[in-house]
Amino acid sequence: MKKSKNKFKLTICIPTYNRAKYLNNCLNSILLAKSLSSIKFEICISDNNSKENILPIINFYKKKNLKINYKKNIKNFGYGVNFYKVVKMAKGDFIWVIGNDDLLY
């Protein structure tokens, strides 16, 4: 089997816009799932210029050792462009796109 050149096996991509409460729940579920897995993963979040301040949530989970790559768009580009932007941020061998209101079990 060929060794991966990427640092991460999986990238969890989350396109987001507002709904900070749901994003917090989503990231918390990822944090809990992390303790049950040995997969090296990163989280990429593309914020479509939310009016809600989600940066404190991002920073909280970064302090909990989640590898989060966060970018905020200069304007709301719509779902399609935001989806493309978050996938483009990924560095993992595999990409999993989830909504900011999804939970991992």
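This is a predicted model: local features need pLDDT of at least 70, side-chain atom pairs count only at pLDDT 80 or more; totals for chains, interfaces and linings use all residues.
Biologist: How does the lining of the largest pocket split by class?
Modeller: The lining has 4 nonpolar, 2 polar and 4 charged residues. Residues are numbered from 1 along each chain, and side-chain values use heavy atoms, without hydrogens or water.

Biologist: Which residues line the pocket?
Modeller: Lys7, Phe8, Lys34, Ser37, Ile39, Lys40, Phe41, Asn65, Leu66 and Lys67. A pocket is an open set of 1 Å grid points that fit a 1.4 Å probe, with protein on both sides within 12 Å along at least five of seven lines; lining atoms lie within 4 Å of a point.

Biologist: Take Lys34. Where does Lys34 lie?
Modeller: In helix H1, residues 20–34. Helices are DSSP runs of at least four residues, strands of at least two. From Lys34 to Ala20 is 14 residues in sequence and 21 Å in space, C-alpha to C-alpha.

Biologist: What does Lys34 touch?
Modeller: Phe41, Asn65 and Leu66, leaving out residues up to four places away in sequence. Contact means heavy atoms within 4.5 Å. The Lys34 side chain also reaches the backbone oxygen of Asn65, at 2.7 Å.

Biologist: Why is Lys34 called partly exposed?
Modeller: Because its relative accessible area is 32%. Buried is under 20%, exposed over 50%, and partly exposed in between, with a 1.4 Å probe on protein chains only.

Biologist: New topic. Is Asn48 buried or exposed?
Modeller: Asn48 is buried, at 4% relative accessible area. Asn48 sits in the loop between strand E2 (41–47) and helix H2 (55–63).

Biologist: Which side chains make polar contacts with the side chain of Asn48?
Modeller: Asn73 does, at 3.0 Å. Asn76 does too, at 2.9 Å. A polar contact pairs N or O atoms within 3.5 Å, one able to donate a hydrogen and the other to accept it. Beyond four places in sequence, Asn48 also has contacts including Thr16, Tyr17, Phe77 and Tyr79.

Biologist: And the largest nonpolar core, how many residues has it?
Modeller: The core has 20 residues. Among those with the most contacts inside it are Ile12, Ile14, Leu27 and Ile30. Strands E1 (10–16), E2 and E3 (68–72) and helices H1 and H2 each supply at least two of its residues. H1 gives the largest share, 5 residues. Such a core joins buried nonpolar residues through side-chain atoms within 4.5 Å.

Biologist: What is Ile14 in contact with?
Modeller: Beyond four places in sequence, its contacts include Leu23, Cys26, Leu27 and Ile30. Ile43, Ile45, Val86 and Ile98 are also among them.

Key. Ala, Val, Leu, Ile, Met, Phe, Trp, Tyr, Cys and Pro count as nonpolar, Asp, Glu, Lys and Arg as charged, and the others, Gly among them, as polar.
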